[in-house]
Amino acid sequence: MRRATDVKTTKPISTISYNTKEYLQLKLEEWRKAGIISFGAFITHDPEEDEKKAHHHVYIVPSKMLQTDDLRENLKEFDPSKPDKPLGCLMFQSSKFDDWYLYGLHDPEYLASKG
């Protein structure tokens, strides 16, 4: 049974990932080669004063219908410092490239325009 957070979509989606950069690159390329996504990108951020840890803003364009929880499950990465709690990502949400890109850059003018 699927959870309420799971979305079936063919539209662009985004999330915030706490995976390692290398693991995230590997998964995006794996999904592209498998025909699951047609495009995937991320912008890496070191933590700012109101954030606790480094993260990546991730943008994905599916190449076919997919379940977002399947992607989240596939992004679980073993963390040797916390073996009982894998690294992963937040829930996916619908996204537009321009908004994702400017938000991912933490562009001050864009953020101010969004309140």
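A residue counts as buried when its relative accessible area is under 20%, as exposed when that area is over 50%, and as partly exposed in between. Histidine 56 has a relative accessibility of 6% and therefore counts as buried. This residue belongs to strand 4, which spans residues 55-62. A polar atom of the histidine 56 side chain lies 2.9 Å from the backbone oxygen of asparagine 19.

## Confidence of the model

The structure described here is a predicted model. Over the chain the mean pLDDT is 92, and 96% of the residues reach 70 or more. Among the elements of the chain, helix 1 (residues 21-33) has the highest confidence, with a mean of 98. The lowest confidence is found in helix 4, with a mean of 88.

## Salt bridges

Side chains of opposite charge can pair when their charged atoms come close. In this structure there are three salt bridges.

| Salt bridge | Distance (N to O) |
|---|---|
| glutamate 30 and lysine 27 | 2.9 Å |
| arginine 32 and glutamate 29 | 2.5 Å |
| lysine 76 and glutamate 73 | 3.1 Å |

Glutamate 30 and lysine 27 both belong to helix 1 and stand three residues apart, so about one helical turn separates them. Their surroundings can be described in turn. Glutamate 30 is partly exposed, because its relative accessibility is 37%. Lysine 27, by contrast, is buried, with a relative accessible area of 8%.

Helix 1 also holds arginine 32 and glutamate 29, again three residues apart and hence separated by about one helical turn. Arginine 32 has a relative accessible area of 40%, which makes this residue partly exposed. Glutamate 29 is likewise partly exposed, at 32%.

The remaining pair joins lysine 76 to glutamate 73. Lysine 76 is partly exposed, with a relative accessible area of 44%. Glutamate 73 is also partly exposed, and its value is 48%.

## A buried glutamate without a salt bridge

Which side chain of opposite charge is nearest to glutamate 77? It is that of lysine 27, at a distance of 9.7 Å. Lysine 27, for its part, is joined in a salt bridge to glutamate 30.

Glutamate 77 is located in the loop that runs between helix 2 (68-74) and strand 6 (93-94). The side chain of glutamate 77 does make a polar contact of 2.7 Å with the side chain of threonine 20.

## The loop between helix 3 and helix 4

Leucine 105 and histidine 106 are both found in the loop between helix 3 and helix 4. Helix 3 covers residues 97-104, and helix 4 covers residues 108-113. Leucine 105 is partly exposed, with a relative accessible area of 41%. Together with Phe39, Phe97 and Tyr101, Leu105 forms a nonpolar patch on the surface. The accessible area of these residues together is about 360 Å².

Is histidine 106 buried or exposed? Histidine 106 is buried, because its relative accessible area is 16%. The backbone of histidine 106 has a positive phi of about 55 degrees, although this residue is not a glycine.

## Two further positions

Glycine 115 is in the segment that follows helix 4. With a relative accessibility of 96%, glycine 115 counts as exposed. The C-alpha atom of glycine 115 is 14 Å from that of leucine 102, and the two residues are 13 residues apart along the chain.

Threonine 10 occupies the loop between strand 1 (8-9) and strand 2 (13-17). The relative accessibility of threonine 10 is 44%, so this residue counts as partly exposed. Threonine 10 and isoleucine 37 are 27 residues apart in sequence, and their C-alpha atoms are 9.4 Å apart in space.

Key. Residues are numbered from 1 along each chain as its sequence is written. This is a predicted model: local features need pLDDT of at least 70, side-chain atom pairs count only at pLDDT 80 or more; totals for chains, interfaces and linings use all residues. Side-chain values use heavy atoms; hydrogens and water are left out. Patches are made of residues with over 30% relative accessible area and no salt bridge: like charges are joined within 9 Å, nonpolar side chains (Val, Leu, Ile, Met, Phe, Trp, Tyr) within 5 Å. Accessible areas come from the Shrake-Rupley method with a 1.4 Å probe; for residues, only the protein chains shown count as cover. A salt bridge is a side-chain nitrogen of Lys or Arg within 4 Å of a carboxyl oxygen of Asp or Glu. Helices (H or I, at least four residues) and strands (E, at least two) are DSSP runs, numbered from the N terminus. Buried means under 20% relative accessible area, exposed over 50%, partly exposed in between (1.4 Å probe, protein chains only). pLDDT is the predictor's confidence in each residue, from 0 to 100. Lys and Arg count as positive and Asp and Glu as negative; His and the chain ends are not counted. A polar contact is a pair of N or O atoms within 3.5 Å; within protein, one must be able to donate a hydrogen and the other to accept it, and residues adjacent in sequence count only if both atoms are side-chain atoms.
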